[in-house]
Amino acid sequence: MFSNGPGRFLGVVNMAAARRNKRVAATQPGFLKLNASLDHNELNTRRKRVNKNKKKNWNKHSDIQDVEEFLDDVRLQERSTGGLISEKPDDSLFFMDTGEHVKNIQKGGTEKKGRRSRPLRIDLILQHDSLVPPPKDVLAHQQPNAKKLRRISQKAEQLAAKGVLPRRQKLLLRRKVAAGSKTKEQLPANNHPERPFYDLWEEPSEVTADPWFLEQTKKKLVKRPDKLNQKPSALPAVEIIAPGGSYNPEFFSHQALLLQAHEVEVKRQKEEQRVERQLAVPREDKATEETVFQEQVEGLLEEEEEEELEKEGEEPAEDKPASQSASREKKTERQRKREKAEKEKEQRKRVEQALTGRRQQLFQLRSIGVELKKREQRTSERQAKRHARQEAQKSLPRRLGRLKFQAPDLEVQLSDEVPGSLRLLRPEGSVLKDRFKSLQKRNMIEPRERAKFKRKHKLKYVEKRAFKAIT
């Protein structure tokens with residue numbers, strides 16, 4: 001125990017001397033502190049003693065800042081110069097700019113001095129300044145199910161060496177042999193100079209390829225339904241106005257347009273009158289003085305009649321119950337046999353009449369032929385009428401929604417409103433409304449009505465002082 005005393009004492013003395021040297025260095029004016037907020041009192045505080053023999057205290061109480069700065073400097077040199085500057089030769093670090101120009105050779109073979117081939121500043125900014133090669137992407141070389149695919153390919157090679165084809169290739173060969181398809185001619189590339197010019201507006205030619213080939217390659221077009229080729233309406237997109245609607249129309253054409261507008265207005269008035277007649281109260285249902293008086297005294301008269309009957313002792317007549325139906329009598333065996341014989345006789349008579357009718361038809365062949373011709377003629381006439389009705393309906397608006405199409409008013413001017421020149425013409429109507437009605441008339445959109453504004457809160461009226469003072 002006493003042999004370790006002098007050594008231990010010398011260690012304590014050395015630690016005290018080192019601590020004293022640090023305090024002296026900290027008091028010098030050129031010393032840079034690690035933390036500027038620390039004062040002299042904090043520096044003089046005794047540092048906690050830590051046992052660095054234990055591994056858990058190495059990273060916690062070890063200062064590796066200088067090591068990290070050194071490694072950052074090394075990485076920066078590798079990115080900018082491709083290695084350590086200390087290991088680079090002087091020729092690669094320093095050079096002399098002599099101002100040499102790049103020589104351009106013209107067509108005639110003469111040399112022409114040009115400007116120095118310096119890249120633009122924007123190109124220098126966008127260039128990759130790191131000379132460190134990127135790390136190898138290990139995942140890019142990996143494939144899912146690589147072992148399984150390698151095993152399948154090895155097995156296919158073994159079967160091919162033996163001359164055995166896989167099942168999929170066998171099926172394809174059988175289909176090809178069964179269909180007798182020919183090998184498709186290989187077309188030249190798109191950029192080939194001998195490739196024919198493709199005309200975008202040329203009409204499509206008939207397909208002459210093998211139908212089996214088109215079906216297998218999914219190039220066979222789907223048959224377009226005839227309904228998709230039909231227009232929703234036979235009306236034109238822009239209807240031409242009548243000649244009477246011109247700014248300087250002829251007299252007769254203008255009068256014809258006025259007559260058409262007059263007929264539309266008369267039809268509208270008749271419709272309004274019809275609705276008023278339907279909603280009006282009939283004359284016989286209107287109340288008069290007699291009907292009012294009769295209704296007032298109606299209950300009194302009935303009470304008086306009942307009182308008189310009670311006094312006389314008569315009872316009001318009541319409906320007698322209906323007589324009961326007589327019970328059905330049971331049929332005898334004789335009656336049933338007679339009914340059965342009559343049914344059989346009537347059935348035989350019906351069959352005989354059908355046979356005689358067929359025999360008589362042999363003598364009526366001429367009249368039957370005439371009747372068939374008349375029937376065919378009636379059928380053809382009905383078909384023509386139906387076809388004409390369908391053609392007429394193509395130019396009429398259909399019922400696409402809950403509202404019916406309302407034709408817009410005719411834009412016509414009266415005789416005294418027709419201007420004498422185009423300069424005095426007043427614009428009428430709206431282009432937007434005209435296009436909207438045209439879409440409805442051609443069955444492209446359904447007729448609509450303007451959305452009604454519904455107030456969320458009721459209006460509240462308040463009388464102010466100024467209003468009260470006036471009133």
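A residue counts as partly exposed when its relative accessible area lies between the limits for buried, under 20%, and exposed, over 50%. In this predicted model, Arg-448 has a relative accessibility of 49% and is therefore classed as partly exposed. The side chain of Arg-448 meets that of Glu-446 in a salt bridge, with an N to O distance of 3.2 Å. Glu-446 is likewise partly exposed, because its relative accessible area is 32%.

Side chains of opposite charge can pair when their charged atoms come close. A search of the whole structure gave 12 salt bridges. One of them joins Asp-409 to Arg-268, where the closest N and O atoms are 2.9 Å apart. This pair connects distant parts of the chain, the two residues being 141 residues apart. Asp-409 belongs to the loop between α12 (365-394) and α13 (431-441), whereas Arg-268 is in helix α9 (residues 251-279). Asp-409 has 54% relative accessibility and so counts as exposed; Arg-268, at 34%, counts as partly exposed. Both residues also take part in a network of salt bridges that includes Glu-265.

A further salt bridge was found between Arg-375 and Glu-371, with the closest N and O atoms 3.8 Å apart. Both residues lie in helix α12, and their separation of four residues corresponds to about one turn of the helix. The relative accessible area is 45% for Arg-375, which is thus partly exposed. Glu-371 is also partly exposed, with a value of 44%.

Definitions and conventions
Residues numbered from 1 in each chain as written. Predicted model: local features only at pLDDT ≥ 70, side-chain atom pairs only at ≥ 80, totals over all residues. Heavy atoms only, no water. Salt bridge = Lys/Arg side-chain N within 4 Å of Asp/Glu carboxyl O. Buried < 20%, exposed > 50% of the residue type's maximum accessible area, 1.4 Å probe, protein only.
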